[in-house]
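Here's a quick briefing to read alongside the model. Have the viewer open and click through as you go.

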Amino acid sequence: MIPPTTKSRQGHSWNVGGRLCQVVILVLVSITVIVFAATCFASISQTSDARLEWQIRASVDSATRFQTTTATLEQFTDTNGPTEAQVHQDEVSAQSGDPNGQFHLALYYATGHGEILNPSAAADWCKKAALQGFAPAENYLGLILENGFGTPTNAVEAVQWYHRASDQGELDGMFNLAISLTYAQGVQQNYQEAFNLYEKSAQKGHLPSMNNLGTAYLQGHGVSANLDEAIHWLKEAATHGVLIAQWNLASVYGSGAWGITNYPEALVWLRMGAENGNPLCQNFYGWALRKGLGTTPDLENGWYWTAKAASNGV
């Protein structure tokens, strides 16, 4: 028979061992939970940091008109290099008073095609055609006056010519008038009227207007904010090669600023913009690849696109 004291000690020893085992198990479980929570928090923190960084970068960009397309003399490059015979023919036509010939001659002088770069002459010939009611010339004369190309800058008069072109249904004129109304350039700001012009020209296939219509829906300028409509019009422009629209879509999906975050979708548009030569998309695409946003981390290609953007001035 085992003495009671011994039995008591054995029982106590077993209880201590059992409790110690329970404590060890509890500690291990706690450590596991802590490690798991820390891992999840780090993942959430990294995602939050990435989203915040994207928002910061996007907000800096939005300060520059949210990358909306603006009136620019680059539109003069629409003309292809003419032959010497074509230039001569348009000179004869212009001298005879034909507005089409006058407009073509203005473009040659504005772009230097035919080796006759002359901003002042471009302004003169464009005005001759515009005064005859030739809608493309009316729009381009607005650009000339807005930019002070070969003539003193006059934003108010520029708007008047945009208006004339717009009234004739000239899509570039409608777009440029909308830009002036959006940013109060030579005219009182009017988001509603600008929206109507963007919508009308976008529905007729004007790609820059599609982008700006999308940003109007996104920002609620002249219309109630509507994310679905914004994405629809931005995609219409982006899929037709509008670089700014590709960046804007990437920002919508990547920044989280509009209630959605979809890094894989953002990456699609960043890549498209990067491959099409948009330095801003190249820079962000490289950054996203290095961060592993929407894809597995890829440092080599990430740094390649970052360097590409840097070589393009970003």
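**Around serine 180**

Leaving out residues up to four places away in sequence, serine 180 touches Val159, Tyr162, Gln185 and Val187. Serine 180 is part of helix α7, which covers residues 171-183. Keep in mind that this is a predicted model.

- Is serine 180 buried or exposed? Serine 180 counts as buried because its relative accessible area is 1%, and the cut-off for buried is under 20%.
- Alanine 184 sits in the loop between α7 and α8.
- Alanine 184 isn't a glycine, yet it has a positive phi of about 55 degrees.
- With a relative accessibility of 39%, alanine 184 counts as partly exposed.

**The big picture**

- Of the 314 residues in the protein, 39% are buried.
- Take the contacts between residues at least 6 apart in sequence: 53% of them join residues at least 24 apart.
- The protein exposes about 16,300 Å², and carbon and sulfur atoms supply 55% of that area.

**Helix α10 and leucine 227**

- Helix α10 spans residues 227-238, and leucine 227 is in it.
- How far does α10 reach from its first C-alpha to its last? The 12 residues of α10 reach 16 Å, close to the 16 Å expected at 1.5 Å a residue.
- At the start of α10, asparagine 226 brings a side-chain oxygen to within 3.2 Å of the backbone nitrogen of aspartate 228.
- Leucine 227 counts as partly exposed, at 25% relative accessibility.
- Setting aside neighbours within four places in sequence, leucine 227 is in contact with Leu218, Val252, Trp258 and Ile260.
- Buried residues in α10 are Ala230, Ile231, Trp233, Leu234, Ala237 and Ala238.

**Helix α12**

- Helix α12 runs over residues 263-275.
- Its 13 residues should span 18 Å at 1.5 Å a residue, and the end C-alpha atoms of α12 are 18 Å apart, so the two agree.
- Which residue caps the N-terminal end of α12? That's asparagine 262, with a side-chain oxygen 3.0 Å from the backbone nitrogen of glutamate 265.
- In α12, the buried residues include Tyr263, Ala266, Leu267, Trp269, Leu270, Gly273 and Ala274.
- Just after α12 comes glycine 277, which takes a positive phi of about 100 degrees.

**Aromatic pairs**

- How many aromatic pairs does a search of the whole structure find? The search turns up eight.
- One of the pairs is phenylalanine 195 with tyrosine 217, edge-to-face at 5.3 Å centre to centre with 90 degrees between the planes.
- That pair links distant parts of the chain: phenylalanine 195 is in helix α8 (residues 191-203) and tyrosine 217 is in helix α9 (residues 207-219), 22 residues apart.
- Phenylalanine 195 and tyrosine 217 are both buried.
- Tyrosine 304 and tryptophan 305 also form an edge-to-face pair, at 5.1 Å centre to centre and 80 degrees between the planes.
- In that pair, tyrosine 304 is partly exposed because its relative accessible area is 44%, whereas tryptophan 305 counts as buried at 13%.
- Phe103, Phe134 and Tyr140 are linked into a cluster by ring pairs.

**Charges over rings**

- Lysine 128 has its charged end over the ring of tryptophan 125, 5.6 Å from the ring centre.
- Arginine 164 lies over the face of tryptophan 161, at 4.2 Å from the ring centre.

Definitions and conventions. Residues numbered from 1 in each chain as written. Predicted model: local features only at pLDDT ≥ 70, side-chain atom pairs only at ≥ 80, totals over all residues. Heavy atoms only, no water. Buried < 20%, exposed > 50% of the residue type's maximum accessible area, 1.4 Å probe, protein only. Contact = heavy atoms within 4.5 Å. Areas by Shrake-Rupley, 256 points an atom, 1.4 Å probe, with all protein chains shown as cover. Helix = DSSP H or I, 4+ residues; strand = E, 2+ residues; numbered from the N terminus. Expected span 1.5 Å × (residues − 1). Polar contact = N/O pair within 3.5 Å; in protein donor to acceptor, adjacent residues only side chain to side chain. Phe/Tyr/Trp six-rings, centres within 6.5 Å; stacked < 30°, edge-to-face > 60°. Lys NZ or Arg CZ within 6 Å of the ring centre and 35° of its normal.
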